[in-house]
Amino acid sequence: MAATNFKIIGKWLKPYTKATINYLYIGGSNLMNLKLICFVVIDIGANLADGVFFGNYRGKQAHPDDFEQILQRSKDAGIVAMMVTGTNLKESQEAIELCRKHDGLYSTVGCHPTRSKEFHNYPSEKGGPSKYFDELLKLIQNNRDKVVAVGECGLDYDRLHFSDKETQRIYFEKQFKLAELSGLPMFLHDRNTGTEFYDMVRANRSKFSTGVVHSFTGTAEEMKSLVDLDLYIGVNGCSLKTDENLKVVSAIPLERLMIETDCPYCEIRPSHAGYKLLSNEADNSGGDGWKIPGLKKKEKWEPTSMVKSRNEPCMIRQVIQVLAKLYGKSEIEVANAAFENTRKVFFSDREEVS
Ligand SMILES: [Zn+2]
């Protein structure tokens with residue numbers, strides 16, 4: 001069967017195909033032995049409220065708004081839903097507003113550890129930190145149809161110049177309460193904290209149903225102890241930088257894996273260990289005909305191309321490619337496992353993602 005026909009049929013079937021039956025054989029005279037592969041993917045970490053996705057880099061409009069093209073490229077890659085990361089009160093609000101404009105976009109609500117000073121310094125005339133907390137909770141309660149997790153929250157000891165350890169710990173602790181009150185799972189962040197992140201999560205584990213430690217870069221022991229707490233592990237390009245990273249990631253049980261881009265950050269760069277595991281140009285479709293879009297510098301922007309150094313959701317397919325090699329499984333098997341885990345944790349009560 002010609003590749004174009006294959007693609008058309010794949011497209012037609014995609015909305016009706018559940019991830020659990022991605023392999024489909026159609027009997028009949030014309031379509032005998034045709035194997036259809038439809039990727040169904042959820043990017044659990046996309047910072048889509050960032051101005052760069054609208055052509056605005058550090059306050060300067062460098063090219064036209066191409067958000068619609070980015071969404072189209074994500075759909076072409078099989079992405080059916082994305083979790084837009086909320087990193088503080090204001091950006092969580094903006095993330096929700098963006099999600100309101102587009103089907104398939106969902107949001108987290110929380111305060112990133114590097115922003116915890118904002119939580120602490122919320123003006124007393126506005127009600128101080130306790131009011132900041134109330135505002136986060138209100139944001140969740142008023143937008144339950146779009147908010148799927150509490151976060152991004154956690155500890156980040158690589159960037160203490162934004163918020164010191166003590167401040168980070170105080171406001172991480174508060175966000176377990178947010179999960180407890182809302183009943184939502186958590187979207188967690190941990191960077192270079194020794195056992196402190198783990199200790200806090202364990203001490204508060206009874207307050208939340210489950211969650212994911214996203215953008216995981218820790219050791220195999222850390223990964224295992226988080227899995228033992230019944231949590232999930234999120235993998236993006238930053239989790240695939242070194243040979244040691246690759247070893248850790250390949251040990252994540254498939255039933256605990258989630259995938260993400262953390263775009264516009266964490267692309268897989270040529271200097272990363274994971275890069276050498278990417279499928280080559282001629283064979284990067286994963287079986288469904290997907291091709292990596294073209295790439296241009298922002299100064300030479302074209303609507304049909306991605307922008308250099310601006311990672312975008314469709315590139316989750318490269319994360320899947322590397323994971324497939326590490327696990328010794330097909331891309332579709334890895335994608336299916338991650339989809340099923342994500343659906344179960346963040347979308348179990350949502351018919352539109354099933
Ligand atoms: Zn993070």
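Modeller: Two strands pair if DSSP finds at least two bridges between them; strands (E, at least two residues) and helices (H or I, at least four) are DSSP runs, numbered from the N terminus. This is a predicted model, where local features need pLDDT of at least 70 and side-chain atom pairs count only at pLDDT 80 or more, while totals for chains, interfaces and linings use all residues. Residues are numbered from 1 along each chain as its sequence is written.

Biologist: Thanks! What makes S3 and strand S6 (residues 79–84) a pair?

Modeller: Four bridges join S3 to S6, in the parallel sense. One detail to look up: Ala46 has Val84 of S6 as its bridge partner.

Biologist: How do you know that S6 and S7 pair, and in which sense do they run?

Modeller: S6 and S7 share three bridges and run parallel. Val84 has Ser107 as its bridge partner in S7. Ser107 in turn is bridged to Val147 in S8, and S7 pairs with strand S8 (residues 147–156) through three bridges, again in the parallel sense.

Biologist: Why is strand S3 (residues 41–46) called largely enclosed?

Modeller: Six of the six residues of S3 are buried, so the rest of the structure largely encloses this strand. Buried means 20 or more other C-beta atoms within 10 Å of the residue's own, exposed 12 or fewer, and partly exposed in between, with C-beta atoms placed from the backbone.

Biologist: And what makes strand S7 (residues 105–109) mostly covered?

Modeller: Five of the five residues of S7 are buried. On one side these are Leu105, Ser107 and Val109, and on the other Tyr106 and Thr108, so both faces are covered.

Biologist: Why is Lys207 called partly exposed?

Modeller: Lys207 has 14 other C-beta atoms within 10 Å, so it is partly exposed. Lys207 sits in the loop between helix H7 (196–203) and strand S10 (211–213). Beyond its neighbours within four places in sequence, Lys207 is in contact (C-beta atoms, placed from the backbone, within 7 Å) with Phe176, Lys177, Ala179 and Glu180.

Biologist: How do helix H3 (residues 89–101) and helix H5 (residues 128–142) pack, and at what angle?

Modeller: The angle between H3 and H5 is about 10°, and their axes are 10 Å apart. That makes H3 roughly parallel to H5, a label for angles under 35 degrees, with over 145 roughly antiparallel, 65 to 115 roughly perpendicular and the rest oblique. Leu89, Ser92, Gln93 and Ile96 of H3 meet Tyr132, Glu135, Leu136 and Leu139 of H5 in this contact.

How values were computed:
Two residues are in contact if their C-beta atoms, placed from the backbone, lie within 7 Å. Axes are lines fitted to C-alpha atoms, for helices over the stretch in contact, and angles run from 0 to 180 degrees between N-to-C directions.
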